[in-house]
Amino acid sequence: MSTVPSVERERPADTVAGFLSALAIVGGLIAVAVRPVPVGVFSILIALIAAGMSGRHERLAATGVAVASAGFLAGMIVAVITSHALW
């Protein structure tokens, strides 16, 4: 007798963590062009929250943390070199 394997349903927390990770990635990219301190710090905070929530989207959450951190660093470098406002 054959059975169909049950499809594991995604928890709502995993879905929210995926969206938060995507938001952190976008925020990290925006931090390069706009004021890096508020946008970058907020993106890093959102990425860390998503990484703590995520059980299924671990790679996406790790990518969110990496992109948000790199965007903050790149934004700070660009803002200092161009004498642009940090916040």
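What covers the buried residues of α3? The cover includes α1 and α2 (36-53). Here a helix is a DSSP run of H or I with at least four residues, numbered from the N terminus, and buried means under 20% relative accessible area, exposed over 50%, partly exposed in between (1.4 Å probe, protein chains only). The model is predicted, so that local features need pLDDT of at least 70 and side-chain atom pairs count only at pLDDT 80 or more, while totals for chains, interfaces and linings use all residues. Residues are numbered from 1 along each chain as its sequence is written, and side-chain values use heavy atoms, with hydrogens and water left out.

Helix α3 runs over residues 58-81 and has 24 residues. From its first C-alpha to its last it reaches 35 Å, close to the 34 Å expected at 1.5 Å a residue; the expected span is 1.5 Å times one less than the number of residues. The buried residues of α3 are A61, G64, A68, G71, G75 and A79.

Helix α1 covers residues 12-33. Its end C-alpha atoms are 33 Å apart, which agrees with the 32 Å that its 22 residues should span at 1.5 Å a residue. Buried in α1 are D14, A17, G18, L20, S21, A24, I25, G27, G28 and A31. The cover of these residues includes α2 and α3.

P12 is in α1 and counts as exposed because its relative accessibility is 64%. Between P12 and A74 there are 62 residues in sequence and 33 Å in space, C-alpha to C-alpha. D14, also in helix α1, counts as buried because its relative accessibility is 6%. Leaving aside neighbours within four places in sequence, D14 is in contact (heavy atoms within 4.5 Å) with M53, S54, G55, R56 and H57.

D14 also pairs with a charged residue. Side chains of opposite charge can pair when their charged atoms come close. The side chains of R11 and D14 meet in a salt bridge, at 3.6 Å from N to O. The rule asks for a side-chain nitrogen of Lys or Arg within 4 Å of a carboxyl oxygen of Asp or Glu, and by this rule the count comes to 1 salt bridge. R11 is partly exposed, because its relative accessible area is 45%, whereas D14 is buried at 6%.

Next comes the nonpolar core. In soluble globular proteins, nonpolar side chains tend to be buried together. A nonpolar core is taken as a set of buried Ala, Val, Leu, Ile, Met, Phe, Trp, Tyr and Cys residues joined through side-chain atoms within 4.5 Å. The largest one has 6 residues in all: L20, A24, I46, A47, A50 and A68. To this core α1 and α2 each supply at least two residues, and α2 gives the most, with 3 residues. L20 is in contact with I46, I49, A50 and M53, again leaving aside neighbours within four places in sequence.

I49 belongs to a nonpolar patch on the surface, together with L23, F42 and L45. Patches are made of residues with over 30% relative accessible area and no salt bridge; like charges are joined within 9 Å, and nonpolar side chains (Val, Leu, Ile, Met, Phe, Trp, Tyr) within 5 Å. The four residues have about 380 Å² of accessible area together, by the Shrake-Rupley method with a 1.4 Å probe, where for residues only the protein chains shown count as cover. α2 gives the most to this patch, with 3 residues, and F42 lies in α2.

A51, also in α2, is partly exposed because its relative accessible area is 35%. Not counting residues up to four places away in sequence, A51 touches A61 and V65.

The chain then continues in the segment after α3, where S83 lies. Although not a glycine, S83 has a positive phi of about 55 degrees. S83 counts as exposed because its relative accessibility is 68%. W87 is placed in the segment after α3 too, and is exposed with a relative accessible area of 66%. Residues up to four places away in sequence not counted, W87 touches R35, V37 and P38. The C-alpha atoms of W87 and I77, 10 residues apart along the chain, are separated by 14 Å.
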